[in-house]
Every structure is written in structure tokens, then in C-alpha cells.
Amino acid sequence: MATSVQTNTDQVFQRCVAPDCGATYDVGEVRTSCGTCGGLLDVSYEWDRLDVPDSLRWFEKKWARRNEPLCRSGVWRFHELLPFAPPEKVVTIGEGQTMLSRCDGVARYVGLNTSVGMNTGGLFLEYEGLNPSGSFKDNGMTAAFTHAHTIGAKRAACASTGNTSASLALYCGVSKLMQAVIFIGSGKISYGKLSQALDYGALTIQIAGDFDDAMQRVREVTEQLGIYLVNSVNPFRLEGQKTIMYRVLESLDWEVPDWIVVPGGNLGNSSAFGKAFMELHELGLIDRIPRLAVINAVGANTLHELFEVRGQRWNGGQIDHQTTAKFYDEMNEQNRRASTIASAIEINRPVNYEKCLRALDICDGVVREVTDQQILDAKSQVGASGLGCEPASAASVAGAKMLRAEGIIAPSDRVVCILTGHQLKDPTATVAYHTTDQEEFNRVLGSRGVQRAEFANRAVAVPNELDEIIRAIQLNS
Ligand code: F0G
């Protein structure tokens, strides 16, 4: 059952995304779906009754007040664009101190203009691995956590492929406001992420199953025990994730790029980005909307299958749900499970699917699927550029390369790929790719259909003798 706390903020409410339903709920209600039709919920604002700046440049004045936590946070310095919580209730740990880097090495790999010679276009990496827990999740967690705190929650839970759980565990550990209860699939989470949850003290429930199983269970358990759910079915999560796009615009001196390319798992990010651009456009704060590319792994490609192969569309909110149901039935019959080296996006039943269809509609979007080989090759290029990311993040770069090869992205386009998670989240895949040890390569990557490591930077093995060491360095320099 939904619980409720009345608030005074009558300019803010929750609303069902299905236009033919449009049921509304108080901002203080805790719910993850519409009580009338079961659809997803948005946080909605009556903008004309709220103080909204008339230019995005207005936010620059907050830079001078970086000593104030709400101005320092890369999420809350945009508070006016997610004004659902009173400032004194905001729980922030300085999330969103991220950077956007122009990256010529990756531009060359993708086939885009570089800054040398051509000044147009280019490839930019939005490095979300710089967040306190090492992934973009902190953008959404500070928002959902703030809402949970506002309504007095004492426990918060999520199912996770590892990053949401690390983020929740971190916010609980730092603030001591709530206990974290996390659900993970057994053997489905990288050690970097598991170590975070354990170290930060989360109650960690490892269930015999995968993320899709864990997601189903956490919904049942939170409902039964009245625990606050922070997965991205929680509409407040997505409010925080909108700010990734605000920071991209900020870094580009408020110019809208041509493309945003993002990996797709549970489809929270893509949904949040669509809402961000829809609102900015409605508010007259941007004059055009970038195109969105959402990139699935081949082994977890529900969005690609439904959108690109079976042609499902947002269609003004009149989604043909039978197409989805039929595909899900087929997956059940074949007992098909998500499977990819990019464990963060190893998801077959994305909870934000309908919202993502809306985002693709708003942003004239496309969806692509990339193989684990393409993901790891792209990841090595990101690493060689000096930033580094986890496998799922590199799906964005692999997808951009594919769209460039198809001619859908032009060489002169300005393309922003979102690097969703830090390189150190999943060192196993990275070391296996670069390893000299064929057995290790086969064990970790061979089972995923990865045949070769074209860009491997192999360690040079030498005996412990000075001459041999010097010779090895001279031979390889
Ligand atoms: N990249 C990383 C590093 C992620 O951790 C996730 C999702 C995604 C991409 C996909 O983002 O769900 O917004 O489409 N990780 C979730 C988790 C599912 O539990 O940590 P999405």
C-alpha cells in the first residue's frame, strides 16, 4: 500500500505518464506506479507558479557560492529545475562534480572530426565515474534519498547490478539516516561494486537469480515491509538524473550538442534525459533538442528488439502493450536470461521502458545493440584516452561508432557519450582483456564470445635480472 505524508508544495505533484490516465498524487506519497492504471509516474511541476530562471546562464551565479553545499552539488545547484524538496531537507554529499572532456583519440576511433584542423563537432565524454560512489547513480540517489528523508523513511532498498546498491549504501553510510537493504543476483555483480556495499555496511541480500529476479522480489518485499524503494521506478530518482544533461550543457557553454549517446539497462538515464530536454524546451531555456541514442548489449537487448525490430513507439502515450507482453512471453517460454560482460546493463525487463519510449519520441531517438567484443574494444579506447570506464559505459562509444559507420551520425556532429561508471568498478574484465594469460582471457571473455583483444596492452614478463629488464624496456619503447 502507498503511504502518504501531506506537504504544502501544491505546485509539485506526481502524475501518471499515460496521457489517457494522467492520475495525480501528492508529492509526499510513496508510490512507484499509478494506483489507477499501473503506469509509471513523473514528478510534475506547475512551472508558472514556481520561480524558474529565464536563462540557463542564471545558474552560473551559483559557482561563486561553492562553499554552500547546495551550490557545490552538481545536482542541487539546479534545484530550481527539480524543486520538489525544501532546501533544508536535501541530503547531499557533493555528488555531480563531474567533467565533460573533448577526446580526440576516441573521436578518431568513432570516426568523428577532431579538434586538430576541424573545429566543428567532436567527441565528448561525460565522465560520471567521478561521483562519490563512482557512477552516475549518485545523481539520482541524492534526489530519491532526499524524498525518502522528507517523508521520514528509516529503511531504503533496491535491486541492483551493483552501482545503485553502492550508491544507496554510501548515502546511508554517510548520513546515518536510513538502513540500506540491497538485493543482488548471485554471481552477477562485479567485485568492485560488491565491495562497496559490504564496506559501507548495507544489509546485502544475495538471491539465487539475476537482476530481473531481484527486481521483482524487491518490489514485493518493499511493499510488504513498507521499505522505501530507490530503484529508478521511483520518479524522484530521475529528477536527479536530469542534471547530468544540465551539466553537459553547462560544459558546452549552454550549447545543445547534436547527439547524446547513453547505455541502456533499466532505462532510467535515457528516460530522465528525455524529461530534462522536454522541460527545458517547454520552459524556453533551450531552442532545440539533441538526438538521443540508447545502446543495448546484444545479450540484453529488449529495447532494441521492441523499438527497432518490432517497431514499438510512444505513440502519444497509446503504447501497444500487447507487443511488449508477447515479447516477454517469448522470453519466458525460451527461459531467456540477459547475458553480457557489461554486467551493469545485464537486464531483460527494463522497468522504465515506457518512459524511455517517450524520451526516444521527444529526442528523435534511435536504439542500437553492440556485442561484448565491440564494448571491450571501445572500452580500451576510452581507457587509452586516460579516463577509463567500466564495460557498460563503453557501450555508448561502441554505439556511436556504429551509428557513425551507418551514416546516421555525421563526421561533423558534436556527440556526447555518457561514461556512466568508473573504470575500477570492474577490473576483472579490463585485466582479462589486456592479459598475457590465455587461460584467464578464455575464462572471463571467451565464454562471452570475445575472440580477440585488438587493443590489448600486454604486460611484458621478464626474469628478475637487470639486463633483461633493460632490454625489455628498450625493445618496447
Ligand atoms: N551504466 C552503468 C555503469 C550502470 O550501473 C547502469 C545501471 C547503466 C549504465 C544503465 O543505466 O538503468 O539508467 O539504463 N545500473 C543499475 C544498477 C541497473 O543496479 O546499478 P539505466
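Student: Which residue does Ala156 stand opposite in E9?
Tutor: Ala156 stands opposite Ala180 in E9. Please keep in mind that this is a predicted model.

Student: And how do the two strands pair, parallel or antiparallel?
Tutor: Strand E8, residues 155-160, pairs with E9 in the parallel sense, over 6 bridges.

Student: What holds strands of a sheet together in general?
Tutor: Strands of a sheet pair through backbone hydrogen bonds, in either a parallel or an antiparallel manner.

Student: Is E9 buried or exposed, and why?
Tutor: Of the 7 residues of strand E9 (179-185), 6 are buried, so the strand is largely enclosed by the rest of the structure.

Student: Moving on to the open sheet: what is its strand order?
Tutor: The open sheet has 6 strands in the order E6-E7-E15-E12-E13-E14, and its pairing is mixed. Strand E6 (99-102) and strand E14 (366-370) are the edge strands, each pairing on one side only. From one strand to the next, the twist averages 25 degrees.

Student: How many bridges join E7 to E15?
Tutor: Strand E7 (residues 122-127) and strand E15 (residues 414-419) run parallel and are joined by 6 bridges. Within that pairing, Phe124 has Val416 of E15 as its bridge partner.

Student: And what about E12 and E13?
Tutor: Strand E12, residues 259-263, runs parallel to E13, with 5 bridges joining them. The bridge partner of Trp259 in E13 is Arg291.

Student: Which helix lies across E13?
Tutor: Helix H11, residues 353-362, lies across strand E13 (291-297) and also across E14; the helix runs at about 140 degrees to E13. E13 is mostly covered, with 6 of its 7 residues buried.

Student: Change of topic: where is Asn269?
Tutor: Asn269 belongs to helix H8, which spans residues 268-282.

Student: Why is it classed as buried?
Tutor: Asn269 has a relative accessible area of 5%, and buried means under 20%.

Student: What is Asn269 in contact with, leaving aside neighbours within four places in sequence?
Tutor: With those neighbours set aside, Asn269 is in contact with Phe136, Gln241, Ile244, Val262 and Thr420.

Student: Finally, which residues form the nonpolar patch on the surface?
Tutor: The patch consists of Val460, Val462, Ile469 and Ile473, which together have about 310 Å² of accessible area.

Student: Where is Val460 found?
Tutor: Val460 is in the loop between helix H15 (438-444) and helix H16 (466-476).

Student: Why is Val460 called partly exposed?
Tutor: Its relative accessible area is 48%, and partly exposed covers values between the buried limit of 20% and the exposed limit of 50%.

Note on methods: Residues numbered from 1 in each chain as written. Predicted model: local features only at pLDDT ≥ 70, side-chain atom pairs only at ≥ 80, totals over all residues. Heavy atoms only, no water. Patch = residues over 30% accessible without salt bridge, like charges linked within 9 Å, V, L, I, M, F, W, Y side chains within 5 Å. Areas by Shrake-Rupley, 256 points an atom, 1.4 Å probe, with all protein chains shown as cover. Salt bridge = Lys/Arg side-chain N within 4 Å of Asp/Glu carboxyl O. Helix = DSSP H or I, 4+ residues; strand = E, 2+ residues; numbered from the N terminus. Buried < 20%, exposed > 50% of the residue type's maximum accessible area, 1.4 Å probe, protein only. Pairing = 2+ DSSP bridges. Axes fitted to C-alpha atoms, helices over the stretch in contact; angles between N-to-C directions. Contact = heavy atoms within 4.5 Å.
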